[in-house]
Amino acid sequence: MAQLHGFAPYQPKPNEEYMNESQREHFRKILLAWRQELMEEADRTMHHLQDEQVNLPDPADRATQEEEFALELRTRDRERKLLKKIEKTLDLVDKDDYGYCEACGIEIGIRRLEARPTAEMCIDCKELAEIKEKQLAG
């Protein structure tokens with residue numbers, strides 16, 4: 001089985017209650033590890049940008065370097081937004097509201113949450129939302 005951020009998939013016991021303390025702790029650890037990875041990557045990027053900031057004489061080399069920096073900064077911006085989502089999700093875990101669809105209230109499911117720990121909707125509601133989004137955009 002694949003591991004997510006160094007964690008083995010959760011194996012529920014027979015008749016185990018959904019989103020009990022043990023499951024919430026499992027997801028809390030995954031979210032905290034993911035947050036730590038993103039923060040370390042942001043630190044690496046900051047040091048990389050500071051260390052690599054050289055004034056290259058060739059305009060093509062300079063342009064390439066600037067494009068690489070821009071791409072790295074866009075990636076970090078996306079990760080910054082993901083960090084906010086992770087913080088929001090950790091708050092839900094702490095409030096015992098984690099793992100339930102924000103649209104219909106049913107269980108999102110352990111496997112879906114392991115695939116996407118910040119999921120806010122069950123698969124059915126998410127598919128409906130994506131269909132509506134495509135119809136509005138198209």
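Here are some friendly notes on the cysteines, charges and backbone of this predicted model.

1. **Ground rules.** Because the model is predicted, local features need pLDDT of at least 70 and side-chain atom pairs count only at pLDDT 80 or more, while totals for chains, interfaces and linings use all residues. Residues are numbered from 1 along each chain as its sequence is written, and side-chain values use heavy atoms, with hydrogens and water left out.

2. **Cysteines.** With a disulfide taken as a pair of cysteine sulfur atoms within 2.5 Å, the count comes to 0 disulfides. Cys101 is in none, and its nearest cysteine sulfur, that of Cys125, is 3.7 Å away. Cys122 is likewise in no disulfide, its nearest cysteine sulfur being that of Cys125 at 3.6 Å. Are these residues buried or exposed? Buried means under 20% relative accessible area, exposed over 50%, and partly exposed in between (1.4 Å probe, protein chains only). Cys101 is buried at 4%, and Cys122 is buried at 4%.

3. **Salt bridges overall.** A salt bridge here is a side-chain nitrogen of Lys or Arg within 4 Å of a carboxyl oxygen of Asp or Glu. The whole structure holds 15 salt bridges. One network of them links Glu21, Arg24, Glu25, Arg28, Asp94 and Asp96.

4. **Asp96 and Arg24.** Within that topic, a pair to look at is Asp96 with Arg24, whose closest N and O atoms are 2.9 Å apart. The pair links distant parts of the chain, 72 residues apart: Asp96 sits in the loop between helix H2 (59-94) and helix H3 (110-115), and Arg24 in helix H1 (residues 21-52). Helices are DSSP runs (H or I, at least four residues), numbered from the N terminus. Arg24 is buried at 12% relative accessibility, whereas Asp96 is partly exposed at 43%.

5. **Two more bridges.** Glu120 pairs with Lys88, with 2.8 Å between the closest N and O atoms. This bridge also joins distant parts of the chain: Glu120 is in the loop between H3 and H4 and Lys88 is in helix H2, 32 residues apart. Lys88 counts as partly exposed, at 43% relative accessibility. Asp91 forms a salt bridge with Lys95, the closest N and O atoms being 3.0 Å apart, and Asp91 is partly exposed at 35%.

6. **A negative patch.** Which residues form the negative surface patch? They are Asp124, Glu127, Glu130 and Glu133. Patch members have over 30% relative accessible area and no salt bridge, and like charges are joined within 9 Å. Glu133 belongs to helix H4 (residues 123-137) and is exposed, with a relative accessible area of 57%.

7. **Positive phi.** Most residues other than glycine have a negative phi. Asn15, which is not a glycine, has a positive phi of about 60°, and the phi of Met19 is near 55°, also positive in a residue other than glycine.

8. Where is Ala115? Ala115 lies in helix H3 and counts as exposed at 67% relative accessibility. Ala115 and Pro9 are 106 residues apart in sequence and 9.7 Å apart in space, C-alpha to C-alpha.

Definitions and conventions: Patches are made of residues with over 30% relative accessible area and no salt bridge: like charges are joined within 9 Å, nonpolar side chains (Val, Leu, Ile, Met, Phe, Trp, Tyr) within 5 Å. Accessible areas come from the Shrake-Rupley method with a 1.4 Å probe; for residues, only the protein chains shown count as cover. Lys and Arg count as positive and Asp and Glu as negative; His and the chain ends are not counted. The place of a charge is taken as NZ of Lys, CZ of Arg, CG of Asp or CD of Glu. Helices (H or I, at least four residues) and strands (E, at least two) are DSSP runs, numbered from the N terminus.
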